Amino acid sequence: MNAKKQIHLAAHFPGVNNTTVWSDPESGSQTDFASFVHFARTAERGLFDFLFLAEGLRLREHRGRIHDLDVVGRPDTLTVLNAIAAVTTHLGLGGTLNTTFNEPYELAKQLASLDHLSGGRAAWNLVTSSDAFTGENFRRGGFLAPEQRYERAQEILDAVRELWLSWAEDAMVADRERGAFVRDGAAPVVEHRGEQFSFSGRFSLPPTPQGHPVLIQSGDSDAGREFGARTADAIFSRHGTLESGQAFYRDLKGRLPRYGRSERDVTILPATTFALGDTPEDAAEAAAEIRRAQVSPQTAIAFLEQVWGRDLSAYDPDGPLPDVDPDPEGVSITRGRVRHEKDSLAVARQWRELSEAKGGLSIRELIIETTARQSFVGTPRQVAEQMDVYVQENASDGFILIPHLVPGGLDEFVEKVVPELQDRGSYRTEYTGPTLRDHLGLARPTAGRSTARAAG
């Protein structure tokens with residue numbers, strides 16, 4: 001009998017989107033370090049692979065004003081992760097850093113430093129941006145066509161890896177008698193000449209405890225999937241249902257052989273939420289309350305305005321959809337984060353059909369329906385069973401949990417669901433190694449590894 005697949009778990013500290021119910025009395029600070037300590041230690045107590053931080057490079061504006069329905073501020077990602085490294089021992093530390101606005105040497109040194117200081121627990125979530133509004137905060141600006149975003153991302157990753165892997169593994173000799181600290185020739189000059197970057201110099205840090213940080217990617221376009229198959233160690237997937245998860249799993253893992261990679265080289269982790277209760281009915285009631293808190297009346301109207309491109313403040317969020325059509329020519333009234341990239345007229349038609357099919361949903365009910373993430377709802381045993389089915393049936397390799405509260409949103413899951421997963425034989429009972437690569441079952445990278453390109 002084959003051993004069961006083991007479930008991988010990560011925890012996302014929310015703070016740049018409306019998943020977080022900041023108005024809840026149980027909600028804590030997004031800037032107080034104590035919040036991060038509580039959240040990280042809970043994840044480590046639950047034997048999670050890693051903690052994950054997103055990135056907000058500019059405050060989102062809606063109709064010219066700061067969109068205060070989301071949590072709009074959080075300290076710098078790398079600063080937080082380096083501090084968390086000092087209060088944890090095994091938990092991986094993943095941070096989102098943009099490839100559009102950063103330079104290779106800077107990224108290489110920052111992430112290698114985190115990997116050294118944490119004892120081999122760093123991860124880099126690579127994201128791209130074509131958002132000119134966000135780019136106004138940066139010297140090089142924000143606009144890049146989609147294909148150029150991934151060309152830049154691939155080159156910046158190639159350059160960073162050249163720096164990370166430039167030192168020989170046995171470079172450090174620290175020979176006191178000869179006065180030799182680094183072996184001759186073991187830290188060569190890195191020459192990079194590309195379309196996006198050109199530089200020449202030696203990297204200033206030796207190989208890190210896990211070779212180099214784990215690479216996470218989350219793009220879902222065809223170019224994004226290809227980039228992930230070529231480069232990523234883990235994929236932050238948005239495909240949360242069983243059927244769509246299985247389709248994404250087959251597609252992504254089917255791309256790996258052309259890059260000389262196997263299925264075990266990439267861990268697929270969809271984002272998910274959860275709601276627990278003593279009975280299924282209690283859990284369903286809790287889930288409904290959370291969704292209504294996440295989609296306040298103001299948030300419902302703001303979501304709708306993003307599609308309609310119009311000022312809809314006169315409409316009742318508990319009333320029907322507007323009888324006017326969206327303005328497809330209008331400039332988006334939300335800047336910095338656009339949730340809907342499809343044809344606005346087509347989206348409006350779909351939403352009207354959905355509202356009618358569901359018995360006439362109000363604006364708020366419709367937004368609740370259409371913006372919900374995949375969520376596991378039930379008793380702790382039921383949630384453990386649901387998660388196990390997804391992993392054993394290859395819809396994912398695990399999950400990135402996004403609780404609706406910080407810092408205590410993970411507490412109940414760790415206390416009640418983790419033991420159920422362990423009883424099913426699908427989840428570790430202790431960490432088996434010190435590094436994040438150990439947690440994910442990944443090989444130590446060497447020069448030339450994971451940089452192969454498709455022939456032709």
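Analyst: What follows begins with the sheet and then turns to other pairings and contacts.

This is a predicted model, in which local features need pLDDT of at least 70 and side-chain atom pairs count only at pLDDT 80 or more, while totals for chains, interfaces and linings use all residues. Residues are numbered from 1 along each chain as its sequence is written, and side-chain values use heavy atoms, with hydrogens and water left out.

The open sheet has 3 strands in the order E4-E3-E14, with antiparallel pairing; strands are DSSP runs of E with at least two residues, helices are runs of H or I with at least four, and both are numbered from the N terminus, while two strands pair if DSSP finds at least two bridges between them. Strand E4 (65–66) and strand E14 (334–335) stand at the edges with a single partner strand each, so one side of each is left without a neighbour in the sheet. Strand E3 (residues 61–62) is joined to E14 by 2 bridges, and histidine 62 has threonine 334 as its bridge partner in E14. In the loop between E3 and E4 lies arginine 63, whose phi is near 55°, a positive value in a residue other than glycine.

Another antiparallel pairing, over 4 bridges, is that of strand E9 (residues 190–193) with strand E10 (residues 198–201). These two strands form a hairpin with 4 residues between them, and arginine 193 stands opposite serine 198 in E10.

Turning to side-chain contacts, the structure holds 24 salt bridges, each being a side-chain nitrogen of Lys or Arg within 4 Å of a carboxyl oxygen of Asp or Glu. One of them joins glutamate 169 and arginine 444 at 3.0 Å, N to O; glutamate 169 lies in the loop between helix H5 (146–164) and strand E7 (172–175) and arginine 444 in the segment after helix H14 (436–440), so the pair ties together parts that are 275 residues apart in sequence.

There are also 12 aromatic pairs, counted where ring centres of Phe, Tyr and Trp (its six-membered ring) lie within 6.5 Å, with planes under 30 degrees apart taken as stacked, over 60 as edge-to-face and the rest as tilted. Among them, phenylalanine 13 and phenylalanine 36 have ring centres 4.3 Å apart and planes at 20°, so the pair is stacked.
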